[in-house]
Amino acid sequence: MGCPDRAVEKQGAGAALNNNPTLAKEIITATHKGAGNLPVSVKTRIGYSKNEIKSWLPCLLEENLACLTIHLRTRKEMSDAPARWNLAPEILKLRNKISPETILIGNGDINSLDEAKLRVKESGFDGVMVGRGIFGNPWFFSGKVPSPAEKFKALKEHAELFEKMYKSDKNKKDGKLKNFDIMKKHFKAYVSGFDGAKDLRIKLMAAKNAAEVKRIIASF
Ligand SMILES: Cc1cc2nc3c(=O)[nH]c(=O)nc-3n(C[C@H](O)[C@H](O)[C@H](O)COP(=O)(O)O)c2cc1C
């Protein structure tokens with residue numbers, strides 16, 4: 001209930017539910033019914049155009065959720081503004097008052113395991129969810145600092161998996177490969193923080209497939 005994608009919002013779904021609490025509640029009720037004994041959780045934002053935690057979060061917390069995850073930005077802020085961790089005490093109070101059994105997870109701008117632990121400690125939340133912090137950093141949860149060689153190995157594997165998975169995706173109507181350009185947004189995260197990284201990135205941007213990524217890295 002926080003997705004800002006236009007196509008999702010057009011259907012009244014995602015972040016648009018923020019402006020239709022009655023429907024949001026109906027959806028949760030129906031999900032509980034369909035889920036039987038399975039836990040039901042919601043992920044949302046702090047509001048649509050402004051901070052609306054006082055009115056919006058109680059609507060959700062009244063619905064007997066196993067877990068509520070809050071992306072600490074408004075829909076309008078997308079993922080651009082800094083996440084508002086300063087709202088954590090107020091959110092925690094609401095949870096404790098309305099639904100103390102609901103697990104509370106905070107989300108936004110967590111870039112390391114240490115930061116994750118600190119946010120949990122400072123906020124009093126039950127946990128945190130990591131978004132973009134994991135991009136190009138599969139070592140996130142081990143806390144390990146990878147060498148350039150380890151980053152290259154991961155990038156090559158990632159590029160190969162990208163090809164393999166999108167090739168074998170039977171749900172795609174045309175069965176075609178996804179454009180390799182989509183993979184390129186991950187290059188910067190793997191190829192940075194060492195001498196020559198920028199030049200290598202420029203070369204990699206011209207790669208058309210995983211084999212070319214491998215060849216360019218090998219010659220580097
Ligand atoms: C490429 C991308 C895809 C995402 N897809 C989803 C999604 O399917 N469902 C969801 O709840 N959030 C999705 N998000 C939002 C993230 O879960 C998270 O709320 C957001 O990135 C803020 O956290 P961060 O500051 O740690 O990145 C997506 C974010 C990105 C960048």
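D109 counts as partly exposed because 18 C-beta neighbours lie inside 10 Å. In the convention used here, with C-beta atoms placed from the backbone, a residue is buried if 20 or more other C-beta atoms lie within 10 Å of its own, exposed if 12 or fewer, and partly exposed in between. D109 is not a glycine, and yet its phi is positive, about 65°. Its place is the loop between strand 3 (103-107) and helix 5 (113-123). Helices (H or I, at least four residues) and strands (E, at least two) are DSSP runs, numbered from the N terminus.

Please bear in mind that this is a predicted model: local features need pLDDT of at least 70, side-chain atom pairs count only at pLDDT 80 or more, and totals for chains, interfaces and linings use all residues. Residues are numbered from 1 along each chain as its sequence is written.

M78 also has a positive phi, near 50°, and is a residue other than glycine. M78 sits in the loop between strand 2 and helix 4. Is M78 buried or exposed? M78 counts as exposed, because it has 11 C-beta neighbours inside 10 Å.

I turn to the chain as a whole. The protein chain has nine helices and four strands, and from the N terminus on the order is α-α-β-α-β-α-β-α-β-α-α-α-α. Its C-alpha atoms fill a box of roughly 60 × 45 × 35 Å along the principal axes. Of the 220 residues in the protein chain, 26% are buried.

The next topic is the nonpolar core, defined as a set of buried Ala, Val, Leu, Ile, Met, Phe, Trp, Tyr and Cys residues joined through C-beta atoms within 7 Å. The largest core holds 23 residues, and V42, L60 and L68 touch the most other members. Helix 2 (21-35), strand 1 (41-47), helix 3 and strand 2 (67-74) each supply at least two residues of this core. Helix 3 gives the largest share, four residues. Apart from this core lies another, of twelve residues, including L155, M183, Y190 and A210. In soluble globular proteins, nonpolar side chains tend to be buried together.

Two residues are in contact if their C-beta atoms, placed from the backbone, lie within 7 Å. Leaving aside neighbours within four places in sequence, L60 is in contact with A24, V42, T44, L65 and L68. L65 belongs to the loop between helix 3 and strand 2. L65 is buried, with 22 other C-beta atoms within 10 Å. Not counting residues up to four places away in sequence, L65 touches V40, S41, V42, L60, S99 and T102.

How do helix 3 and helix 4 meet? At what angle do they pack? Helix 3 (residues 53-61) and helix 4 (residues 88-98) pack at about 35°, with their axes 10 Å apart. Axes are lines fitted to C-alpha atoms, for helices over the stretch in contact, and angles run from 0 to 180 degrees between N-to-C directions. On the helix 3 side, I53, L57, P58 and L61 meet E90, I91, L94, R95 and I98 of helix 4. The residues of this contact divide into seven nonpolar, no polar and two charged. Here Ala, Val, Leu, Ile, Met, Phe, Trp, Tyr, Cys and Pro count as nonpolar, Asp, Glu, Lys and Arg as charged, and the others, Gly among them, as polar.
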